[in-house]
Amino acid sequence: MRLTASAHRLAHSQRLLLQARRTLPASGFATLATAKMATAVPATEVVELIDRLNAAYEKVHVAYEENFWSTKMALAGSSSDALASTKTAYDAFLADPANLAAVRKAQADAEAAGVLSEDQAKALRIMERTFACYITEDPKAAAIKEKINQLEAALAQSRNTMKLGYTDPSSGEHRAASSVQLRNTMRVADDEATRKACYEGVRSIGPFVAEGFVAIVKERNRLARMLGYEDFYDYKVTQAEGFGKRRLFEIMDGLEAQTRPIMEAARERLAREKGASALEPWNMGWALAGDTEKAQDPYFPFEQAVDVWARTFAALGIEYKGSTMTLDLCDRSGKYSNGFCHWPQVAWRRPDGAFVPAKANFTSLATPSQVGSGKTALVTLLHEGGHAAHFANIDQPSPFFSQERAPTSVAYAETQSMFLDALAHDAAWLGRYACSRSGEVMPWHIIEAGLKATQPYDVFALRAMIAVPYFEKALYELPESELTVERLLSLADEVETRVQGGLSPRPLLSVPHPLSDESSCYYHGYVLAEMAVKQTRAHFLSKYGKIVDNDHIGKELTEGYWRPGNGAAFLDLVAQVTGKPLAADDWVHDLQRPLEAVLKEEEADYKAAIAAGPAIKPGQPFDLGMRVRLVHGDELISDSAEGGLAAACDKFKAWVDSAFPKGA
């Protein structure tokens, strides 16, 4: 007969009593037996409650995430209705007051009896924190949540089927293109009319989504205010970060003020060096990267991106603890327009000590034949693969520690991915891993030209990043009477102009995050994370002298950042890992560094990289402790379970060459 987990625990207690009978005097055994009898029932009830909630959480989480993946990837049989219903079930479980009441009663009863183990106490605490984020005892609030789910699902379905593209200025024909393809073309197309047409294509997303988005914003604010928050932004940030909107923007306002003069000087410099037209939103990316992007492109072959990412992580000592990862890397019609990594199965450790490995779904939007696609894919792999490594290494006694929603800090999650995607910009990494199809390493003069073209303008990325939270803050602070399509569109332009100095190459309403519940009021996490990334990099460079190909890094990230999951506060983890409180100092310092000093340091790192070569050479066996499945929609391209990861990468390369022939 198969025993339940609680029955195993009870049997274990009985074995302890039998052992005690053999070793203790009669009086001692009587005392021990009396204590055990007094606590056995509450201890068993706690075990049963924890097991029940863990199992229920996994069930609703897996169902929702499987539908999220199939819908966002436009797989056969995907259904926006199924996505909405499974999300409602997931939300209903998290928002069930009975769950929170049961957890709090178990905590009180078990603590009074003194029977909680450390793992049980931790599990109950994270369950309490999680349920407290979602409880909406008012039936009206629950009804609003259901309405929001339906509105979001409908908007996502509509956005996925939008006929996005641009009007070819030479022929007048409409050319279909995703938002990623349009932005890539703006960076590399030599013809200004084509760049402007692509910008207008990206900008068309705003009017397309505006009506549906306005309806969602109204309902989100209605829900948040019903729950006692200032607005929806205040509600979301308080849930995720543990502090409110006011505290967040105290941090943000300080960064904005420190970097505004740097941005203004950079815009003046760009206009002086490249002409005033370089400040037009369709010209800015090309003015900064047009030449260098094309020069670097041969050293980022798209079909080698998976192999390069995997060797990079293996050389850092990163392991995935038996995870399975499904990667859908190439763009296609109907596919969601942003890279992401989600976990249908989260990692955690069961009460019997068995570790449950994660299952991750990971996507990017590469067009292998397009200039810049290889680098975009590689950076996305480093970023989303960083998320996957983080969540694969959470080792706590409940799946509640590993969920990507609140109370998991957005900034905490993004720190891990952004720390790792930053490697692709380091000369120390480029000199080892940026290689052409024939094996030639990117020469220094191309790296140098890229730094000269972009380093003085790095502040533009920061300002684009902070524009999103400033836009969402202003949006949710609008009186409901002003929430119209026209005001939404004008507000986006106003924030872009105020924060970025002019209209943005990536219009705010083309950013997908604000539209979806999971990622709305989320972007501030990238800002706080970048602060933490700069601080963590400075700490590791001071401690070790290098980051690339340093297997101490993976170990430190695992123990310091990853293993605790959401059981520890983001600000506390940063302070513990780096030895000081989170601050913008290292980020601002990097932006203020003279170009000459940057070039000198990067060239020294490049020469050292060339001399050393990559720690794991192409074709050399390595193990990330992970199964990788490479897919394209419903098509399975390769699986590392059949011959290993290197063989899977080889099959993927062959598939890319066949599906996207050179020169086609």
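**A walk from the rings to the sheet**

In this predicted model, ring pairs join Tyr-57, Tyr-64, Phe-68, Trp-69, Tyr-90, Phe-93, Phe-131, Tyr-336, Phe-340 and Phe-400 into a cluster. A search of the whole structure gives 31 aromatic pairs. Take Tyr-64 and Tyr-90: their ring centres lie 5.6 Å apart and their planes meet at 35°, so this pair is tilted. The label follows because planes under 30 degrees apart would count as stacked and those over 60 as edge-to-face. The two partners come from distant parts of the chain, with Tyr-64 in helix α2 (residues 26-72) and Tyr-90 in helix α3 (residues 80-94), 26 residues apart. Both Tyr-64 and Tyr-90 are buried.

A second tilted pair is made by Trp-309 and Phe-362, with 6.5 Å from centre to centre and 50° between the planes. Here too, distant parts of the chain are linked: Trp-309 belongs to helix α13 (residues 305-315) and Phe-362 to strand β7, 53 residues apart. Trp-309 and Phe-362 are both buried.

Strand β7 leads us to the sheet. Strands of a sheet pair through backbone hydrogen bonds, in either a parallel or an antiparallel way. In this structure, five strands make an open sheet in the order β4-β7-β3-β8-β9, with mixed pairing. At the edges are β4 (340-345) and β9 (635-639), each of which pairs on one side only. From one strand to the next, the twist averages 25°.

Now look at strand β3 (residues 323-330). Is β3 enclosed or open? Eight of its eight residues are buried, so the rest of the structure largely encloses this strand. β3 pairs in the parallel sense with strand β8 (residues 626-632) over six bridges, and Leu-327 stands opposite Leu-630 in β8. With strand β7 (residues 359-366), β3 also pairs in the parallel sense over six bridges; Met-325 has Ala-360 as its bridge partner in β7. Strands β8 and β9, in turn, run antiparallel and are joined by four bridges, with His-632 opposite Glu-635 in β9.

Helix α14 packs on the sheet, where it touches β3, β4 and β7, and its direction makes about 165° with that of β7. Within α14 (residues 373-392) you will find His-390. His-390 counts as buried because its relative accessibility is 0%. Beyond its neighbours within four places in sequence, His-390 is in contact with Tyr-412, Ala-413, Gln-416, Tyr-561 and Trp-562.

The charged end of Lys-321 sits over the ring of Phe-355, 4.1 Å from its centre.

Conventions:
Residues numbered from 1 in each chain as written. Predicted model: local features only at pLDDT ≥ 70, side-chain atom pairs only at ≥ 80, totals over all residues. Heavy atoms only, no water. Helix = DSSP H or I, 4+ residues; strand = E, 2+ residues; numbered from the N terminus. Buried < 20%, exposed > 50% of the residue type's maximum accessible area, 1.4 Å probe, protein only. Contact = heavy atoms within 4.5 Å. Pairing = 2+ DSSP bridges. Axes fitted to C-alpha atoms, helices over the stretch in contact; angles between N-to-C directions. Phe/Tyr/Trp six-rings, centres within 6.5 Å; stacked < 30°, edge-to-face > 60°. Lys NZ or Arg CZ within 6 Å of the ring centre and 35° of its normal.
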